[in-house]
Amino acid sequence: LDTDGIWCILPESFPENYTLEIKQADGSLKKLPFSYPCGMLNADVHQNYTNHQMQTKNAEGGFDIESECSIFFEVDGPYR
């Protein structure tokens, strides 16, 4: 899915990257960086647009039903 244009609508002040600090069992902190716009868009698409009726043919000739979401956003647009 080509989403280059979507990044043009975000204001310059919009937060792009966040870093979570996760406390480990030994008391140390582990940093987990992520892209906020991508994370929010991907979470919304996964929650609202996953196909829970995806059917794939199995070896016995029947069909297996599973959930499938193949839409993923990434920040690669020319918005800078």
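From the N terminus on, the protein chain runs β-β-α-β-β, which gives one helix and four strands in total. Helices (H or I, at least four residues) and strands (E, at least two) are DSSP runs, numbered from the N terminus. This is a predicted model, in which local features need pLDDT of at least 70 and side-chain atom pairs count only at pLDDT 80 or more, while totals for chains, interfaces and linings use all residues. Residues are numbered from 1 along each chain as its sequence is written, and side-chain values use heavy atoms, with hydrogens and water left out.

**The chain as a whole**

- Of the 80 residues in the protein chain, 15% count as buried (buried is under 20% relative accessible area, exposed over 50%, and partly exposed in between, with a 1.4 Å probe and protein chains only).
- The accessible surface of the protein chain comes to about 6,600 Å², and carbon and sulfur atoms hold 53% of it (Shrake-Rupley method with a 1.4 Å probe; for residues, only the protein chains shown count as cover).
- Among contacts with a separation of 6 or more, 36% join residues 24 or more positions apart (a contact means heavy atoms within 4.5 Å).

**Helix 1**

- Helix 1 covers residues 36-49, and its 14 residues should span 20 Å at 1.5 Å a residue; the end C-alpha atoms lie 19 Å apart, which agrees (the expected span is 1.5 Å times one less than the number of residues).
- P37, C38 and V45 are buried in this helix.
- Seen down the axis of helix 1, the buried residues fall within an arc of 95°, so they line one face (the arc is that of the directions from the helix axis to the C-beta atoms).
- Strand 2 (29-35) is included in what covers these buried residues of helix 1.
- On the face turned away from the buried side of helix 1 you will find the exposed residues H46 and Q47.

**The hairpin of strands 3 and 4**

- Strand 3 (residues 51-57) pairs with strand 4 (residues 63-68) in the antiparallel sense over five bridges (two strands pair if DSSP finds at least two bridges between them).
- Five residues separate the two strands of this hairpin, and G61 in the turn has a positive phi of about 95°.

**Aromatic side chains**

- The structure holds two aromatic pairs (rings of Phe, Tyr and Trp, the last by its six-membered ring, pair if their centres lie within 6.5 Å; planes under 30 degrees apart count as stacked, over 60 as edge-to-face and the rest as tilted).
- One of them is the tilted pair of Y18 and F34, at 6.2 Å centre to centre with 35° between the planes.
- Y18 lies in strand 1 (residues 17-23) and F34 in strand 2, so the pair ties together parts that are 16 residues apart in sequence.
- Y18 is partly exposed at 38% relative accessibility, and F34 is partly exposed too, with a relative accessible area of 29%.
- Y18, F34 and Y36 form one aromatic cluster.
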